[in-house]
Amino acid sequence: MIDTPPQVAPRSDAVVPDPSSRRRRGRSPSESRGPVATTAIYVALVLGTIVTLSPLVWNVLSSFKPSGEILLAQSWWPETFTLENFSQLLSGGEFPRYFFNSVVVSVAIVLGNILLCSAVGYALAKLRFPGRGIVFGAVLVTFMVPSLVLFVPQFVTVASLNLTNTYGGLILPLIITPLGVFVMRQFISQLPDELLEAARIDGSGEARLFFRIILPLCGPAVATVGILSFVMSWNNLLWPLVVAQTSDMYTLPVALTTISQAEGSVAYGPLLAGSLLTILPIIVVFVFFQRYFIAGIASTGIK
Amino acid sequence: MTTLAPKAPGRKKRSSQALAGWLFSLPFVTVFAVFFAWPILWSLFMSLTDMTSRDLRTPFNVELVGLDNFAAVLSDPVFWRSLGNTGVVVLVAVPAVLVIALFLAVALNRGIRRGKGFFRTVYYVPVVTSIVAIAVVWKFLFADNGTVNAMLATIGIDGPAWLADTFWALPTIILLVIWRLFGLVMVLFLAGLQAIPQDVHEAARVDGAGSWRRLVSITVPMLVPTILLASVLMTVFIVQVFEEPFVITQGGPLNSTQSAVMYIYDEFGFGQYGTAAAASYILFLVIGLLSLIQFRVLRSRT
Amino acid sequence: MTTAALTATALVLTACGRSDAGTTVETAEAIDGSPATGEITIWAAENEGRALSATAEEFQAANPDVTITVTPVSFDELPRKVDTAIASGEVPDIIQPSTGLQSYVSAGGIAPVPDGVTDTSDFFDSAVSAVTFDDVLYAVPWYVTVQSFYYRADLAEEAGLDAPTTWEENLEFGAALREDGADSGTFVAPSGTLAWQTILPMIYQAGGSVIDDGEFTLDTPEVVEALGHYQEFFAQDISDVQKVITAAGEIEAAFADGSIGSYMTGSYSYDFALDALGGDASKLGLAPLPEGPVNGMGYIGGSGLAVMADSDNQESAWKFVRHATSPENAVAAYEVSGVLPANQAAWESGALAESPTAETFATQLENSVPLPQVLTWTQIRDLLATYGEQLAREVITPEEAAAEMQREAEAIGTGEQ
């Protein structure tokens, strides 16, 4: 699994992406290559798209089928077209609330992770202080403990802090990701020390240094931490399941597993409808922001 | 990588740096102490006792059993089976995710002119899907009379009952793991690719290097730090594979898709907190070992 | 760490056995008829919770000072949620404990039922004993599920078959429908929860048991006979071993399209099956479980309503429980959620009495026993499922399976100390 690609190019310092190097802004022009190669790439991408999307297409189509027809799985196209699943899902009027909760929790976790992980990552990478080794050791240990093992003790801790059924309880235990610290530390330690020395000589305080110089240079690392923590919190099921004790604190995954469950039954129609409504807004956000989302990641580096 | 400590500063600077270091670490350390260190110690204690769910209200009212829980876990063939399955998932899924993501990232970064945004979005979508719903879809696609077998039938292959087959169930699960993760890594790679200065490519092109040659000798080597980071991330993610087999096969048939974390989850479900914690610590050692190897590689490469 | 460990040892030495540490029976005050007040929160599965919500609305109208919140909880994840809630003391007032009741009781999380809430003679005996531990009642029986034999009446008629009444007839029935084109003439689950739910009644029907007087009895000839009968469905290819059920509702869907001719499961399946058949009741046959060599016993499932020991509004909570488990509200629950009332009076009139299925269910209910009362039941039933899967795939003989289950069950123990 430690698949290290063969080192082909002669090693040079240029291998390390130097975020301060000047680059042209805007889209990178595509290669001028033969029409055959370009066509081949498109064909591969389109095939990949079909494979990637077909489960979701099935999801979309099936959310318009009655529950019984979904499990029969005779055809992709609904034989009986119904909006029943959506009306059942939205009838309680609580779905927007679940969505709101998910957004609040995920945004807080993403922002918290970016801030806390980069702060400690900076300290670990560039500052000398007694106990640095211990802090880094703590990061590594936490990184390796399967989160499931901490489940029960974490819950008891949250309860003793009176945080059950609050946003605090849903957010705080996820607000640091050891992985995030590790990513930030790795990235910041690649930044040239001279940059810091120069700023220090100019009389910048450490806080100013961090917010004005370090953080703006951390684009790719910030993006990595943001994406990882977003995915982890957006799909997180087990933790909110126990911390959210009343349905007004439920997040989307909790609500989805709860939908129409009874002894021996799950209503798949509303479940698939809910899944669709969960994914759609994220896709919309991604479509609108993806240019900034990805291109912006790297461009932060040149400012 | 500049792993060297910063140049030794003067005494005054050093003390102000120490203060800054602690202030920057403080939020992390606080959260860590409350939500990680204490629970970690607690579960270590659990692993040495016969604690069950019935003792939760009186957690110290348990008997110390030494390493009995560890012995019990290590002598359980189901545990080894689940560890083996997890190993297979990691060995197959991690390289697969990396290769697919690398191909897509390179193609989307420089290979094509039109439709970049569309493809990026498409490939990222699986990352945000809900596993509970996707599980239903997967079961349908890979049912004995499902879409996949219908397609295989058109080319004359009589497909197996994927999820009910002791050999094919695990590959089917692995496919879902890959499907849900490659978009994530693709985005990481895209970010890494855009950090590669344009001039390098242009210089190479002027020198007459073809696009394949440039991919192999410029793009990939310059992406090595990102690739290694992604491989560590994916290993740690995938070694804890749980949701996919949990919601689709519940570990069956005949434990062929039981993963290590599922084993732990089952023990918790039985209320056997002692054994669950012991199994967790064994898995912890395995992850630790894997990470250590990868850190070493990471360090030597960058 | 060390201090904690020493304290732990000391406590163990002084405590007189911890399994009964939490189950002290407090002499609670009797619940009177005054109005309920304050806030009551309830955790229930989505479907059953709908019935409680309806009852709650009407209860709040009669008791204006009470506010009731019903929180729907995933049925499968309820035990995890309740376990953690008990551990932290942050609990709701009322839960639908289902079959997890015993473990919550032994964790000290459940309040015993005080006087003035219920009269146990109103309920089916088996429903009462399912919520009674060490002679203490911990929940008021609310709804029950019993098992039945479901078959495609239309297909059976075409084949000239009557519903089977014995094991042998069942095998013939299944084989005949298999001949006629069903993948599974009688579907028997080859793995998972449904597998132990199938095997357990067969053990009873052969005259066996899981545990008797604190000793596991899984290697008896009766259990071997039951396991043999279970395996027979696969050996004769009556049930398709490749049909692994992982989603609730799959059986009913396959039943409707004819690939499953008949199956045995809980009473909750009736509505789903009818739904899947497009509401055509003439196709849906229902019969009591086929009898084994000794009897036609099934086990009783369902749930009571329990009040949490840490609830700070117990008195009002009990008043609501009393209200919700009355015959008329039990019938209302049947109408809203399709769950069978545990209250006998509810079967005598109203919607349920008129239902064509009531007689079959009532017959089986008379013929049902509670699940084995052993603290490690979740592990024992997992054994039944695990070895059931091996039997279904014919990689083990019934004798071997019985011996292995007994050995493993003894290693797991009864959880008593």
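Modeller: In chain B, which has 302 residues, buried residues make up 63%, and please keep in mind from the start that this is a predicted model. The secondary structure of this chain comes to 12 helices and 0 strands, and if you follow chain B from the N terminus on, its elements accordingly read α-α-α-α-α-α-α-α-α-α-α-α. When we take the contacts in chain B between residues at least 6 apart in sequence, 66% of them join residues that are at least 24 apart. The accessible surface of chain B comes to about 11,400 Å², and 68% of that area belongs to carbon and sulfur atoms.

Chain C can be described in the same terms. Here there are 17 helices and 15 strands, and of its 417 residues 60% count as buried. Among the contacts in chain C with a separation of 6 or more, residues 24 or more positions apart account for 77%.

Three of them form an open sheet with the order E10-E7-E11 and antiparallel pairing. Strand E10, residues 262-266, and strand E11, residues 284-287, stand at the edges of this sheet in chain C, and because each has a single partner strand, one side of each is left without a neighbour in the sheet. On average, neighbouring strands of this sheet are turned by 30° against each other, if direction is ignored. Strand E7 of chain C, which covers residues 147-152, is joined to E11(C) by 4 bridges, and the two run antiparallel; within E11(C), Leu286(C) is the residue that stands opposite Tyr150(C).

Strand E6 of chain C, residues 140-145, is mostly covered, since 6 of its 6 residues are buried. E6(C) is joined by 5 bridges to strand E13, residues 301-307 of chain C, and these strands run antiparallel, with Thr145(C) standing opposite Gly301(C) in E13(C). E6(C) also pairs in the antiparallel sense with strand E14, residues 340-341 of chain C, this time over 2 bridges, and there Tyr143(C) stands opposite Pro341(C).

If we leave aside the neighbours within four places in sequence, Lys65(A) is in contact with Trp58(A), Ile70(A), Ser75(A), Trp76(A), Trp77(A), Pro78(A), Thr80(A), Thr82(A) and Asn85(A). Ile50(A), by contrast, is found in helix H1 of chain A, and with a relative accessible area of 51% this isoleucine is exposed, because the limit for that class is over 50%. Together with Val43(A), Val46(A) and Leu47(A), Ile50(A) forms a nonpolar patch on the surface, and the accessible area of these residues together is about 360 Å².

Terms used:
Residues numbered from 1 in each chain as written. Chains lettered and ligands numbered in written order. Predicted model: local features only at pLDDT ≥ 70, side-chain atom pairs only at ≥ 80, totals over all residues. Heavy atoms only, no water. Contact = heavy atoms within 4.5 Å. Buried < 20%, exposed > 50% of the residue type's maximum accessible area, 1.4 Å probe, protein only. Areas by Shrake-Rupley, 256 points an atom, 1.4 Å probe, with all protein chains shown as cover. Pairing = 2+ DSSP bridges. Axes fitted to C-alpha atoms, helices over the stretch in contact; angles between N-to-C directions. Patch = residues over 30% accessible without salt bridge, like charges linked within 9 Å, V, L, I, M, F, W, Y side chains within 5 Å. Salt bridge = Lys/Arg side-chain N within 4 Å of Asp/Glu carboxyl O.
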